[in-house]
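Biologist: I have a model open and want a quick tour. Can we start with the overall picture and then go to the details?

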Amino acid sequence: MLILDGVLPNGLNVVKFSAIHEFQNLHAQSKEKIHNFVRGHFYGHLDFDLENTVYFFTAGRYEYRNKGVDMFIESLARLNARLKEIGSKITVVAFIIMPGSNHGFTVDALRGQAIMKQLHETVQDIQQSVGKRIFESAAKGIMPKEPMFTEQDLVLLKRRVYALKRDTLPPIVTHKMTDDATDPILRHIRQVKLFNGREDRVKVVFHPEFVNASNPLFGLDYEEFVRGCHLGVFPSYYEPWGYTPGECTVMGVPSITTNLSGFGCFIDEMISHPSDYGIYIVDRRLKSVDESVNQLADFMLEFCKKSRRQRINQRNRTERLSDLLDWKRMGVEYVKARWVAMRRKWPELVVKHEIHREEFDGYQSDVNSINMPQEEDLSSLKYHQKVPRPQSISGSPKLRQEDDDDNEENSQGYFTHPPFMKESYDLFDEPEGYTHDKNAHFEPDQMIAKLKALGQRGATPGYIPPSGEFSALSISGATIRDILDEPKLIYLL
């Protein structure tokens, strides 16, 4: 029988994706590039408002069931029916980015982008010529009263507009698939009848290649593509961890995951109400397939009903969870795993460290010093702590020792800590016969002066005073424990 000591979570180099105050602007810039693709792909059928359009996407290896693509497509069909039923003006464009066997871009996909590029260049030329004529007229002191278009401008513009007409529906796939008839994704899309019709509120685009800047259709890297989308959907049936929703999180993009993925279980354990922070977790463990599909459709419909301001606030909340996924924090679990291995391989060495407790405490201090607690820094959050529910519109996560909304038994650590590494919360042992006096009086100035005398190491919470030093810390009858019980003095510490 295999005994599991613990699970080592994966981290991300948050600095690489960090944009802090810029990520909302980056979202707008990347979204405009996706707008350009949509204009070309849906030319002739662009009867929906791009300002009321949200972009969903799923990406990864072509694993139709493991990645939950079957559930994603089924949920999109149900979402389409619900949006029609409520008469919503929101349009959803769902991208499926998974590399599949193909023979290159279709002529229709390239033609749409070329037509839209020609239209854009023509409008720019007309703008420049009209602007020049307006300037020349105004320079002579004459207000332009008649339309400044020339006959040549109108003819050229009409040609471009007529080129936008098409008799066929916008394509579902952007490439010539090797086996179009048997491809699982295309078969399922046809089965649920998501054909990108005018009446459909959900449009589907299957792109069987990874996105990169040299792509003639999108012209942006994967990171830019993710930033430009509104929601990542990853309803995996099997996923040991799952980097894609993690990448969405550090870039401030809300996402949907499942409790059958490592990332989903980790977030469910770490955050009291994940959906408030833009991470929705579909239950694929205890619910039936149909119930899970409905839950996923409900999550997507809930997102579609959000206003633009609500989506901006949610992205702010999502981005603030970046510190939870930083390697600076996740890497500590690998250090702990190393000590577990050392205890098994060289138990006498561990015993030596247990005997020389001071040496081990120094090691613990070094580990904990990687991420000193900050007011809004989640990198130092322990696994038994949860990020509470947002208490404000902006939803700034705060740290706390225990969650009021969740049973403590359900918030155990993700990693099984060996006995010799469990942190003691009783940091200052009480002398024999000591009774705790809440009314003990002390002067703050004297307390600060004596704490400074102890030095930086003595002022840290993890420091255990040597035997006999306890009496030296008494301040007018108050002990260290009394000091730590005083809220305003914890701030001073």
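Modeller: First a term: contact means heavy atoms within 4.5 Å. Among contacts in the chain between residues at least 6 apart in sequence, 76% join residues at least 24 apart. Keep in mind that this is a predicted model.

Biologist: How many helices and strands are there?

Modeller: The chain has 17 helices and 8 strands.

Biologist: And what share of the residues counts as buried?

Modeller: 46% of the 493 residues.

Biologist: Switching to aromatics. How many aromatic pairs does a search of the whole structure find?

Modeller: It finds 15. One of them is Phe95 with Phe218. Their centres are 5.9 Å apart, with 65° between the planes. That angle is over 60 degrees, so the pair counts as edge-to-face.

Biologist: Which parts of the chain does the pair of Phe95 and Phe218 tie together?

Modeller: Phe95 is in strand β2, residues 91-97. Phe218 is in the loop between β5 (202-207) and α7 (222-228). The pair therefore links parts 123 residues apart in sequence.

Biologist: Are Phe95 and Phe218 buried or exposed?

Modeller: Both Phe95 and Phe218 are buried.

Biologist: What about the rings of Phe218 and Phe225?

Modeller: Those two rings have centres 5.7 Å apart and planes at 80°, so that pair is edge-to-face. Phe218 and Phe225 are both buried.

Biologist: Which residues form the aromatic cluster?

Modeller: Phe37, Tyr55, Phe57, Phe95, Phe218, Phe225 and Phe234 form one cluster.

Biologist: New topic. What lies over the face of Tyr43?

Modeller: Arg166 does, at 3.9 Å from the ring centre.

Biologist: Now helix packing. How do the axes of α3 and α10 cross?

Modeller: The axes of α3 (residues 69-86) and α10 (residues 289-304) cross at roughly 50° and come within 8 Å. That angle makes α3 oblique to α10. The crossing is right-handed.

Biologist: Which residues of α3 and α10 meet?

Modeller: From α3, they include Met71, Phe72, Leu76, Leu79, Leu83 and Ile86. From α10, Val289, Val293, Leu296, Met300 and Leu301 are among them.

Biologist: Last one, Lys16. Where is its place?

Modeller: Lys16 sits in helix α1, residues 14-17.

Biologist: Is Lys16 buried or exposed?

Modeller: Lys16 has a relative accessible area of 56%, so it is exposed.

Biologist: And how far apart are Lys16 and Met251?

Modeller: They are 235 residues apart in sequence, and 9.9 Å apart in space, C-alpha to C-alpha.

Definitions and conventions. Residues are numbered from 1 along each chain as its sequence is written. This is a predicted model: local features need pLDDT of at least 70, side-chain atom pairs count only at pLDDT 80 or more; totals for chains, interfaces and linings use all residues. Side-chain values use heavy atoms; hydrogens and water are left out. Rings of Phe, Tyr and Trp (its six-membered ring) pair if their centres lie within 6.5 Å; planes under 30 degrees apart count as stacked, over 60 as edge-to-face and the rest as tilted. Helices (H or I, at least four residues) and strands (E, at least two) are DSSP runs, numbered from the N terminus. Buried means under 20% relative accessible area, exposed over 50%, partly exposed in between (1.4 Å probe, protein chains only). A charge sits over a ring if NZ of Lys or CZ of Arg is within 6 Å of the ring centre and within 35 degrees of the ring normal. Axes are lines fitted to C-alpha atoms, for helices over the stretch in contact, and angles run from 0 to 180 degrees between N-to-C directions. Angles under 35 degrees count as roughly parallel, over 145 as roughly antiparallel, 65 to 115 as roughly perpendicular and the rest as oblique. A crossing is left-handed if the near helix is turned anticlockwise from the far one by less than a right angle, and right-handed if clockwise.
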